[in-house]
Amino acid sequence: MKTMTPNAQNQRKLIIASNRLPLSVKPKNGTYEAIPSSGGLVTALKGLSYADYLWLGWPGVEINERDRGSVDEALAKENAAAVYLDESLAQNHYNGFSNGVLWPTLHYQSEVSFDNETWDAYQRVNSIFADRISEEAADGDLIWVHDYHLLLLPQLLRGRLCAQNKRCPIGYSLHTPFPADDFWRGLPVQKQLLDGVLGSDIIGFHTDEYKTN
């Protein structure tokens with residue numbers, strides 16, 4: 001008879017991944033504390049009821065390696081863990097590509113300026129998230145990826161998890177509109193982004209129109 005693994009159906013962990021953590025880390029008396037922050041995603045998930053979950057994301061500031069142990073301890077008390085990024089990479093990913101290219105594209109805005117530097121940063125950050133989450137996940141865990149900052153992450157995760165013989169269902173929720181194809185296809189990296197999100201088992205949109213698009 002096959003023995004049950006620690007992460008059997010009723011014990012599987014939920015891993016939530018978003019660009020930013022729902023917490024801010026602040027220095028206090030030589031150590032760090034984690035303070036709940038506000039935001040649409042944070043508000044939407046306040047009612048989450050799950051016995052074992054972990055929220056992974058960037059803590060919002062660059063943390064020196066010597067301080068990361070203290071930050072990890074503070075976040076662990078809030079069922080969270082950090083994906084550490086240096087400031088330049090984080091800004092190129094967030095302000096450069098995510099908000100400078102993807103946000104206007106997803107909202108039907110024209111005159112989008114694409115550049116390879118911010119696209120490289122976007123790919124790099126998604127890859128760092130994939131490495132971190134695949135290390136954290138156990139076979140059978142549920143993974144829930146959020147928003148346009150991490151469109152590449154599901155497919156990257158899928159490859160890493162398969163290589164580690166981990167079978168983890170991946171869900172993806174987009175918290176913006178999703179435009180019609182004739183507009184979306186103007187982005188030169190459209191295929192890579194769509195291939196990325198299609199690594200998910202299930203994708204959530206706000207409306208039937210966005211789903212159809």
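In this predicted model, the face of helix 2 that is turned away from its buried side carries the exposed residues Glu73 and Ala76. The buried residues of helix 2, which spans residues 68–76, are Val71, Ala74 and Leu75. These three cover an arc of only 95 degrees around the axis, and therefore lie on the same side of helix 2.

**Thr118 in helix 4**
- Thr118 belongs to helix 4, which comprises residues 116–136, and the relative accessibility of Thr118 is 6%, so this residue counts as buried.
- When residues up to four places away in sequence are not counted, Thr118 touches Asn92, Gly96 and Phe97.

**Cysteines**
- A search of the whole structure for disulfides finds zero, and Cys162 is accordingly in no disulfide, the nearest cysteine sulfur being that of Cys168 at 9.4 Å.
- Cys168 is likewise in no disulfide, with the sulfur of Cys162 as its nearest cysteine sulfur, 9.4 Å away; a disulfide would require the two sulfur atoms to be within 2.5 Å.
- Cys162 has a relative accessibility of 51% and therefore counts as exposed, whereas Cys168 is buried, because its relative accessible area is 3% and the cut-off for buried is under 20%.

How values were computed:
Residues numbered from 1 in each chain as written. Predicted model: local features only at pLDDT ≥ 70, side-chain atom pairs only at ≥ 80, totals over all residues. Heavy atoms only, no water. Helix = DSSP H or I, 4+ residues; strand = E, 2+ residues; numbered from the N terminus. Buried < 20%, exposed > 50% of the residue type's maximum accessible area, 1.4 Å probe, protein only. Contact = heavy atoms within 4.5 Å. Arc of directions from axis to C-beta.
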